[in-house]
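Hi,

Here is the structure I promised to pass on.

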Amino acid sequence: MKDFHLITSISAIPETQWRTLQRNSAGLYPFLDYQFLAALEHSGCIGSGSSGNNNEGNEHDSGWQVQYLVRFDTQGEAEIIIPCYRKTHSYGEYVFDWSWAEAYQRYALEYYPKLLWAAPFTPASGPRLLHNATSETEVQQVWQDALQAVQAFCSAQQLSGWHLNFVAPGDKVLLDTLCKSATTQAMPPVRRRGCQFHWFNQGYISFDHYLQSFASRKRKNVRKERQRLQDMGINIVQKTADNISAADIHFFYQCYQLTYWRRRSQGYLNETFFQLCRQHLSRQMLLVQAEKDGQLLASALYFFDDTTLYGRYWGCQQDIDGLHFEACYYQGIEFCIENNLQRFDPGTQGEHKISRGFTPVSTFSYHQLMQPEFQQAVAHFAQEEEAQVIIYEQQARSLLPFKS
């Protein structure tokens, strides 16, 4: 880990330095924003203290320990930041490795702690490094230095390995090249492929214009679905920036936790986190509310940057047929069209998104286990899994609602 220093709290890095690197390498991507990560830390959702998946106020280790690896220049300013987390479980990652942990346990080996290189609780592909490199050659060198630093850190800390989740599509080719040429004692990092469903803006001027691209029957189904809610007297309101109040977030949080409660679990994130986001990131937040006769029924929270809307959290006070699709998908599409955003990433899972025009896209993650025998087994697993994912994507694409 030559030249890299371990930072265990974002507060140890000046926000101005962080933002300088962010503007260069991550743009407005919200899930590497200084205030987003600071909100996670200060609310106790990561680090020590109260955690989102337990009652607020209970002091304990959340299982997410900040392990930012930072390289400073000769003036003492950060020039590369690798945002990693020491994990003692696999919750909140969305690239599932429970079976790998079970395999370790069967052989009396410790899978945890491990190192996660990702945006916490966020299955959204995006930049995973902050740096000041500009040329293609410089960027490649930064990534090579970062991979070596992470590998060395895992060895020095005796971690089971590292996991780089949901990389930006533009980094995939570079990472494939670097991983194939990796010169480590263990086998090279393994690439793992997943599938999500995203919406793409083809220059639509309205939601109705978008529906014109649908086959007739599919178009009628969407219109009926939306009209049904209007006939019930349900109104939908969109709020951004200063229009989002603390009371709005409080109601949203109640809905968010109800969604988990119905599944006999509890949300990863606490209300303090969401309120901190409202205070510092509201200009990149979209809150959708559903109400009837002045009574709020449901709420969905999105984040966005200059190109992409990210659908993240949802909840409702009562189940109403079609309300989830309206609040979490149709309203998001309308927001993208009205604000000229090019893509809508609504999160993980959900074949039901296909009939609403969300196209299957590949996601990519990279994994390095320090035990060569397990790394070889994971390589075989990932190869077989990728073949199945490709078939799944092809089948899903054949079900899209668009005209031939």
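Let's start with a charge over a ring: Arg312 lies over the face of Tyr313, 5.0 Å from the ring centre. Keep in mind as you read that this is a predicted model. Lys172 sits over a ring too, the face of Phe364, and its distance from the ring centre is 5.0 Å.

Now for rings against rings. The count of aromatic pairs comes to 46. One of them is Phe252 with Phe274, an edge-to-face pair at 5.0 Å centre to centre, with 80° between the planes. What does this pair tie together? Phe252 belongs to helix α8 (residues 246-261) and Phe274 to helix α9 (residues 271-281), so the contact joins parts that are 22 residues apart in sequence.

Phe274 has another partner: with Tyr253 it forms a tilted pair, 6.1 Å centre to centre and 50° between the planes. Here again the link is between distant parts of the chain, with Tyr253 in helix α8 and Phe274 in helix α9, 21 residues apart. Tyr253 has a relative accessibility of 11%, and because buried means under 20%, Tyr253 counts as buried too.

Cheers

Methods. Residues numbered from 1 in each chain as written. Predicted model: local features only at pLDDT ≥ 70, side-chain atom pairs only at ≥ 80, totals over all residues. Heavy atoms only, no water. Phe/Tyr/Trp six-rings, centres within 6.5 Å; stacked < 30°, edge-to-face > 60°. Helix = DSSP H or I, 4+ residues; strand = E, 2+ residues; numbered from the N terminus. Buried < 20%, exposed > 50% of the residue type's maximum accessible area, 1.4 Å probe, protein only. Lys NZ or Arg CZ within 6 Å of the ring centre and 35° of its normal.
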